[in-house]
Every structure is written in structure tokens, then in C-alpha cells.
Amino acid sequence: MTTSEGFADNRFAAVRQAFEDNDEVGASVCVTVEGETVVDLWGGFADAARTRPWQRDTIVNVYSVTKTMTALTALLLADRGELEFEAPVARYWPEFAAAGKESVTVAQVMSHSSGLSGWREPITVDDLYDWEKATSLLARQEPFWEPGTAGGYHVVTQGYLVGEVVRRITGLSLGTVFRQEIAEPLDADFHIGLPASQDHRVAELIPPAVVSPFDPDHSTEIQLNAATNPDVDPTVTRTRAWRGAEIPAGNGTGNARSVAEIHALLANGGEAKGKRLLSEAGCRRALQVQVEGPDLLLGTKIRWGLGFAVNGGIMPNPHTIYWGGSGGSLALIDMDARLTFAYTMNKMAGGTTGDERGLGLVMATMLAS
């Protein structure tokens, strides 16, 4: 990328420079401080053929950055007293108690420590569009490891687990609750279940040379299960079936502006765009570390809070939470600096915790803030 559109406050000129120096096809980056948007940049192309310019309102599948929106929805219900993270999942979803899971808590599901990192029964990508099948299988199966003893990234399953708890409480799908209670009040362009009328704005994801991070010859059973059951080719994100479904761990569609401006809620004590949706205490619950250590799937040391990874010393401020999506998208909330950062792109390269493009933009942002 050589040029960008949008704006960056003079103080954040280095962010614009880093953005334009990145090896991109198309991307966007946004930063908010104290609820004010100080960087909102986009550029490049929305397709691999470079025929469609990336516009201000271009949106893209952000894979696991979707999990941050799912977590925010759960935090909202908990703040209202409708959901208790310490409660067993089976309180809200009785069928979930099967196979020895009667004591598994909502907090363990939120922190990837429930042992349900994948499906034991073979499933297909089409099964991901069948909410009843996906959740019923999880309710019936036993965990891969003793719940609460370790974190193991719930790549796709976390969205169904949290989403079914939300559905049992509200009677509505997670995507609907998110839209009605968060996205629409904040006029934010992020969707978990995209209407067909918006397809024309979606940038196409461009797969990396190597899609799976797991080497079949040097991977554990649960790593291979998560990587191959089902095997999701990134090009499926271009289909109407994928876009229209609700896969709350991975098929959210938005841009950096929508991600950063929604998470301004968490950075600013529950208020964004002049609207209070959560209490400050409700926001800070995301910081409560549930489990830490080497993640059984990702292999790296992670401190899992309620729906987010919590700063393990890499970021300058302790009360920082973050997560990313396969290919490189990234969301970060610094509650001390009251800052949010978001990066979305269509050329996939990094893993779930980002690559040099997003991390370089984070560094430029932190140095300026």
C-alpha cells in the first residue's frame, strides 16, 4: 500500500506511515482515545484482482475478532444481572450437563478452559450453519480435558457455547442481541450474520500460502481436531451461506472503525458515543484472569480473562485486553489509557494474535499515546 484515505491526528502521524508501509492488498486501521476517534484510515483494494478500491464503508470477515463482540454481549448481560459467569452453564442450558459437564461454568467457556475446544463427532462446514446441530453435539459430548485446569483455544466452539447461553437467557440469537443492544445503539457497522443487502460492500479474504498453523506430524489430538473438524477454507467466507449464518466465534463482518468504536465502551467505563451501555465494573470484569499458562492448542502462554486475552507484560499498561483473528485482524483495549485499536485486512498472513503488520501499527499507536 502506498497511499491511504481517511485521517490521523497529527500526534498519530506515525500510525499513518506504518499503515502505508505495510504489505497490504486492502486494509483499515482505527484508534480511539477517551472515546474520540483519532485515527481512521483505509486504503488499497477489496479484491485480489485489485479492481475494487477499499472504500470508507468496506467491511470484511474478521474471523476471531468476532469473539470480542461475543464476549462484550455476554458482559452486557452479566452487567444487567441476567447472566452469572460463576454459574454452571447447565443452569441456563440444562442439556449441557450431560457427559459429566454439570459443573462447567460460563466463565470456563468464556476463558477457553471448558475442555470443549472442538467437536468429537465429525462435522462439515455446512453443519456450522445449523445452530441446533452444532450446539446439541457440544451439549452431549464430554470435554477433551478436565475443565478449568488449562486453557485450550475454542477456535469455533466458543461462539456456539456462549451464544446458546445467551439464547437460553434472552430467547434471541447472539447476533440479534448484539445488533439490537450494541451495534445499533452505537450506529456501528459490525454484523454477526450479514444481510444479503450488504454483500456488495464485503472485501474478499485472500488465503495465505499455509492456512493451518498445525503440522500434522507434530500436533496433538486436540490441535488436529480443531484444525480439521471441520476444515474451513478461507474462500468459504465469500459465500452467502457463511456470511448470513451466525458463527459468533468467527464470521463477524466489519471494519476497523466499527471494532474500535464499539470497544470504546470497554475502554471508557461502559460509555461510547454519548451512550452508557455498561457500568465501569461490568467492563472491568473482562480483566479477571481465569486461567493462564501454555494454551493447549496455540502452544503459547496466554492469560485468559472473560472472553479476552489479558496483558501478560507485553503492552505498556497492565489493564489491557486483546484478541485477533486468523490472517491478521486485531482488536486491543487499553483501559488505563482509555484507548482502543483495531486493524482489519483482506490479505491473510498472521495468526490469531496478529502479525508484523498489526503489531507494527500497535507499536506506533502506543508510542504516540
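Asp187 counts as exposed, with a relative accessibility of 67%, where exposed means over 50% relative accessible area, buried under 20% and partly exposed in between, computed with a 1.4 Å probe on protein chains only. Before I go on, please keep in mind that this is a predicted model, in which local features need pLDDT of at least 70, side-chain atom pairs count only at pLDDT 80 or more, and totals for chains, interfaces and linings use all residues. Residues are numbered from 1 along each chain as its sequence is written, and side-chain values use heavy atoms, leaving out hydrogens and water.

Asp187 sits in the loop between α7 (174–183) and α8, helices being DSSP runs of H or I with at least four residues and strands runs of E with at least two, numbered from the N terminus. Although Asp187 is not a glycine, its phi is positive, at about 50 degrees. Lys273, in the loop between β6 (271–272) and β7 (275–276), is also not a glycine and has a positive phi near 50 degrees, but Lys273 is partly exposed, at 44% relative accessible area. Most residues other than glycine have a negative phi, and most peptide bonds are trans. Asn229 and Pro230 are joined by a cis peptide bond, with omega about 0 degrees, and Pro230 belongs to the loop between α8 (221–228) and α9 (240–244).
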